[in-house]
Structure formats: C-alpha cells, structure tokens
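Let us walk through this structure step by step, beginning with the chain as a whole and then turning to its parts.

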Amino acid sequence: MQPTPSSVPQRRLARQARQRFVEGICGGLPELHKIVLDFLTTLISQTGTAREMQAHRDTWMLYQQRHAVWTDRAAKAWREALAPHTSTNRGQLAPNGLGNQFELLSDDVVENKILASRMALTLNEQVGPQFDTLRQRTQSLEGQDLDGNDILRPETVCVLLVEQWVEAGMPRTDLQVVVDPLQRELANLLQKQYQAVNVFYVEQGVTPQADLKSRVRRTASGGVAGVGSESGAGGLASQALAQTRDAMAAAAAARGGMMAPPGRHMGGMGGMGPAGSMGQYPQQRMQQQPPGYPQHGMPTGFATGMTPLARARQRAQGVMGQLRRLLTQPATGFDMVNAPPASAALAHALTAHRVQADTYYSGVATLMEDYSPAGVVQVAGAVRERSTELKKKASSAGEKAIIEVVALMFQSILAEDRIPPAVRVWFARLQVPVLRVALAEPEFFSNLTHPARQLIDRMGACVMGFDATSINGSALEAEIRRVVQVIEQYPETGRRVFQLVYDEFEKFLSKFLTEKQATSRLVSVAQQVEQKETLAIQYTIELRTMLKDMPVRDEIREFLFKTWAEVLALSAVRDGAQHADTIAFKRTAADLVWAASAKPHRSDRAQVIQNLPGLLQRLRQGLELLGVNGATQDAQIKTLTDTLADAFLSKTASIPQAHIDAMAKRLSNLEDFIGDATLGEMPLNADNIEMMLGIDASSIHVVADNGAPVEDNMVAWAQELQPGTWYTLDHNGSSAQVQYAWQSQRKQLHLFAAVDGSSYLIQLRRLAAYLQAGLLVPQDEEGLTVRATRDALAKLDANPERLLG
C-alpha cells in the first residue's frame, strides 16, 4: 500500500531520524576500537599460564592488524541497513513474520546470532527505556512497528557488528574475549544516540501519547496476551532473548540437516517470555522446546565458560530490565532517576503505619504467632488487604504500580515454602518499609545490590536449610525479628537503615555460624594451618628468588626449600614474624648458605670452624620445632655437615659477603615483600586436625586438594561464596544438606556444617572442583528478591489490568 501524500513527510522524518542514528553510531566506532584495544593491551600485561599469555598476545596482534577492516565494514553494513526493505541472509535476526521459503542455516550464522543476541540482552538493560520511546515515536510516524531487521533495533546493530568482526578475519572466540568491555561501551553509545534522536523527534513535534489500556493485546480467543508490543507491562518478553531461542532452535535444525523457515522454530514454538509466560498452549510448547532449554527459558549453553552464578546474575539483570521497562512505560510514567515525593495522602498513610505498626500487627498477632503454613496464608491475606488500602491512597499511576509490584513480590516471598513459616511471618512485616524505600529510591527496581534487596536475600538464603522445629526460638530467628523491628521503627525513609542492619546481620552471622565450641576450635586450627602453609610457600618462593644466581649446592637448596621454609613459617605463626627465635632462624638460613659456599681463603675457613657449633645448634632447634628428632634429625645434620666439609675443598667461586648480608637483611623483613600465594597440596588430613584439636575428629571430613583440573572461573566462584548459604553436597556417594559456615582469611580453607552435626573442611581448589563437577549445588541460585520479581512480572503478564486497577 502506497503512503498517502500527508504521510510522506512523516516517513521522511523517520528516515532522517534513522540517518542521524546511523551516523552517530558510526562516529562512535573509533571509541569502540579504543576500548577494545585498551582491554587487550591490559590483558597481555597480566600474568598467567604460558598458553594463556600466548593466546592473549595472539589476539592482540591479530586485532592490531584487522581492526581497521572491522570498523570500516561495520560502518558500511550499518549504512547499508538504512535502505528500505533491506533483506539479507547473512545472519541477521529474522523478522517475526511468516515466510514460505526455507533456508539451511550454517553453524557460523547461528553462532553469530547467538553471540549478537547475548550482547543485545545486555544492551537492552541500559537502553530499553530510551529505545522504547524511540520505537513508539517512529511507529506513530510510519503507522507500523519496526521491522525485525530495522537498524534502530539494538539486536540489529549487534548482529551486524558481530558479522563484520568475523568477516574481517578475526575468530569469534576473540570477540568473546572482549565482549564485556565492548558491549558496555556500545550500550553507552546507543544510549547517547537514542537520546539524540528522541530530542530530534521532540523538536519536530513528535510526542505520541499512550496509555495502558490501549497497549493491552488480546488473542483470538479473547484472552489477554500481554501489555505493549515489546516492553510493556504484560508483554515483558525481551525480543533479543526470544531471538536467541530462535537461533538455538535453528542451530538444532541446521546441525541436524533439517530445514527451518526464517524466523521460526522447528515445531512452531512461539516465543516464551522471560517471566515464564508462554502464551497459549504452554504444555504443548514445552514439549516442542528444543534441547538445551531449562524451564526458565535461558539456553543452558547461553554463555560458554560462565559459572552457574554468572548465568544466574545475567538472568537476574534481565528480570530487572523487564521490571524497569514496566515501570517507565508511558502509562505509569515513573521516573527511575528522580522519584517524585509521595502524594500527601499516601505519605500520611505510610507514616501512620510506621508509628502504629505494633498496633496494626497486634490485630493479627495470633496469626503472626501461628508458625503453621495455614497461619502464613492468613498473614499474607492480611498484608494484601493493607496493600489494597495503601493503593487507594495513591494519587498517581506510578504510585499504584509500585505498590502493586511490591505487594506481588512479598506475596511470592510469603509463598516460598523452603523458608520456615516462623521467618516468613516476619518477612511479611517488611513489606511496608520496603514500599517506602521503593517509592523514594527507584534504584531498588534496577540495582541488584541495593541494601534492601541484599538484606532480604541474605536472610532468606540463611534459613532455607532449617525446618520449623530447628529455627523456632533460635538465635537466628531472634536476630531476624530484631532486624525487622529496627527497620519498621526507623524514622528515616531510605537505604540507610537497610545498609545499617545488613552490616549488623553479616557480623551476627560470622559469630552465629561458628559459635559452637567444636566448630570454633576447628576454625582456629584451620586458620593457623592456612597461615603456616601460606607462609611456607611464600618463604620458599623468596628463597628460590634470592638463591637463583648464587653458586649454592643442591643439598643446601633442597634443605632450605623443603625444610627450613617450614621452620620459618611455623615459628612466624607460633611466635610472630619478628620474634627473636624467628629472626634467629632467618639469620641461620643466610649463615648456612655462606658456610656451604667455597672457602678459598684461610680466614674464611677459620670463621666457619668458629661459627659451626652455634649454626648446628640453631639447625637442631629448628628441626625440633618441626618434630624432627632422634635418628632422623641426626641424618639431616650429617648431610649438612658433609656438605660444609666439601666446601673447604671446593675450588668454585665463593659468594661475596655483600650478597650474604643483603640476603640476611631481606630475610629479616621478608613479610614486607611477600604477597598472596595459592595453597597447593597442603598436608591437611583428619589425623592432623584431631592431633591439633585434641578431640575426636570422626565427624570432621577433610577434603584436601587432590590436583584435579579446575577452571579459573570456578576458583573465583568458590572465593565468592557467602557464609550462611545452603548447599547440597555429594561427598563419597552420600548427599548432605550443608550450610557454608566459614572461610579462612586468605580464602584457602572453607568450612561447611551439615544438619546432622558433621563438618566438611575443604581446600579452595577442591571446592572449585566440586562446584565444577556439580557435587556442590546451591539451593537458591538466583536470590529471593529476584525470584519474587520474576513471579510478580508473571502475574502482571497474565493480568496486566491489576497494575493500575
């Protein structure tokens, strides 16, 4: 259909907007290049394995050679995408329309789509609101929604950028190395250009109005399918995520030698929203879902090399992005940067609730004390009624939307049956304080690290392994009760009180988790073991460095590295690094090196003979400190004295006294120079623990490093575990529910406590290996508030009218 004469200027205006946008992003390519180059330059300066360092250097060198081709091709591809009705089979994300033709997708095309869709997901979290406004304005000019390949779409920008990287002669794996800094800078660039085009539209008088009711789409059967075309309250489906699923399905078809129509899955599966909504026929569509898709809708192979924790965080960012777009749509008009003050009636109601909280909840006191599931249901009903009352006081659509979202979030929390009822009834009282924060601080809806979210997540994660009988009346329940009451009565609205009690709760946990006498003693011994072994490794490294260019006999080197480093470490832990005995042992190392070197001069030999009794005495004291006595000690001393005797006859070069003095000086203050070391095969076992504790250690399972290969990102994940969190541990064929109780100062030793009283002391790399192999699985991977947000979005997806109703 040809546009009417009156619509031609409008379409010309939209075309001008696209041209401005494309020229703007093309102008940002030099900065994208700089970000990537700086990142790769930093990467090659970092230490790692020889293979990793060589790979980083290869990536840097290839990028230096090919970056100009990439940026030139990307600019050309973006400009070519301006042509009307552009269609290409090079791998662009297909439009949603049906097509009769079929095509066989290559692996490269599919992989490009997947990587581009991942980038677009991240970009949408930042640019979503600006893009949504731009899309609506462009739609009002053209009378139709943006084509699936429209250059204004973030996913189209990304797929062209990815394609040109590969076509410029650089491997896709190199792009995955730099994707994080690249997509952050690209998000900033798109955000700036979307804002500029929106300003251009406003200057031209393009300001379409929209309300919630006009955005409700209905299916042929009359059911509500969602709000908005892409990013409204009920649609909630990120197009980039849906297209990632398209790409994954196409990959399954292409690699299996099957044909797939462009833009459609084999089997005709419709897009599934991240909130869990699948439109019509959910059971049938789940059956048609291709391999590799868990029920939450994210491909299991969505990010190669990512830990489950990283994938959970990525999904969480997606949920927060959906919530942000829901609240900032024109129908609600909530300002996510500068929230307006609450309307007078609502502010008065919230203040009255704070002042009269105890009085209000006294009306449901019997329900609060009823720790049965039925009691929790009744409490949830009472809290829901309170939300309805507050909603009636609201005077704006934004306030109503926030009250509804917070109410639905707490409805989900109160329905979480893994949390003991005794704790859930206290969570119920947090709803109004959280609502006060949400109204005053829009960051609550976009920041996963907001202290209000962190506090609720931490308290929830710490109680998920307890049943009602074990939590009721415990110190943990009492602390949660205290936290809620402090928040409830705090006069200030904002994050300050949540941050305050969050810090207090963390301090409480550090004591609560290790307060049992047996656990406390085990922690103390484990900490000393870690300190001693860490120092031993560090002393060995420093001794090797100092002796690298000195003519020292192998027997002396082996003794210093394997035995005397242990003496220095044990003395430093027991008495202190600057204790007289420790300093004497350090000086002994330097004296031994000098005594065992060649002595061509008579005066040097005389000095060795004179100092030998004292040197041997200190060596025996050090060996006794390690428990080396009797015949074993005598054998060690004989080896050393034989080496010293040989030095008298040696004709090799001697070690200058200045070198010996420098070594002694550095040894005396060695702790100032040494850094962190990763413990390898620490001699840690149950027998040693039992000997040091003086107690029966039959209930202590020591899981030491066994040299199993483990990825670095898994080690990093192991170091991020939060005390108090519950896990399922599969050890030696038996499964146990364990709580992460403690980590040592250097994060090399980790303690888990099981509900039956047994303990598991695990070394860092072995812990990482368990995480990597799925032998240690978190019971709550994504967090209580993220799951509550996801549930709230799903309810609004099914019933969008309730948002402002």
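Helices, here, are DSSP runs of H or I with at least four residues, and strands are runs of E with at least two, both numbered from the N terminus. Counted in this way, the chain of this predicted model holds 30 helices and 8 strands. Of its 805 residues, 51% are buried, and the chain exposes about 35900 Å², of which carbon and sulfur atoms supply 51%.

The partner of strand 3 can be followed in more detail: strand 3 pairs with strand 7 (residues 759-763) in the parallel sense, over 4 bridges, and Val703 has Ile762 in strand 7 as its bridge partner.

The interior comes next. In soluble globular proteins, nonpolar side chains tend to be buried together. The largest nonpolar core in this model has 77 residues, of which Val405, Phe445, Leu455, Leu476, Ile480 and Phe505 touch the most other members. Helix 14 (residues 397-414) gives the largest share of this core, with 10 residues. What does Val405 contact, if its neighbours within four places in sequence are left aside? Val405 is then in contact with Leu323, Leu326, Leu327 and Phe445, and also with Ala792, Leu796 and Leu803. Apart from this core lies another one, of 55 residues, which includes Ala116, Leu152, Ala187 and Tyr201.

The axes of helix 22 (residues 554-575) and helix 23 (residues 580-595) come within 9 Å and cross at roughly 170°. Because angles over 145 degrees count as roughly antiparallel, helix 22 is described as roughly antiparallel to helix 23. Where the two meet, helix 22 contributes residues including Ile556, Phe559, Leu560, Trp564 and Val567, while those from helix 23 include Asp581, Thr582, Phe585, Lys586 and Leu592.

Notes
Residues numbered from 1 in each chain as written. Predicted model: local features only at pLDDT ≥ 70, side-chain atom pairs only at ≥ 80, totals over all residues. Heavy atoms only, no water. Buried < 20%, exposed > 50% of the residue type's maximum accessible area, 1.4 Å probe, protein only. Areas by Shrake-Rupley, 256 points an atom, 1.4 Å probe, with all protein chains shown as cover. Pairing = 2+ DSSP bridges. Core = buried A, V, L, I, M, F, W, Y, C linked by side-chain atoms within 4.5 Å. Contact = heavy atoms within 4.5 Å. Axes fitted to C-alpha atoms, helices over the stretch in contact; angles between N-to-C directions. Parallel < 35°, antiparallel > 145°, perpendicular 65-115°, else oblique.
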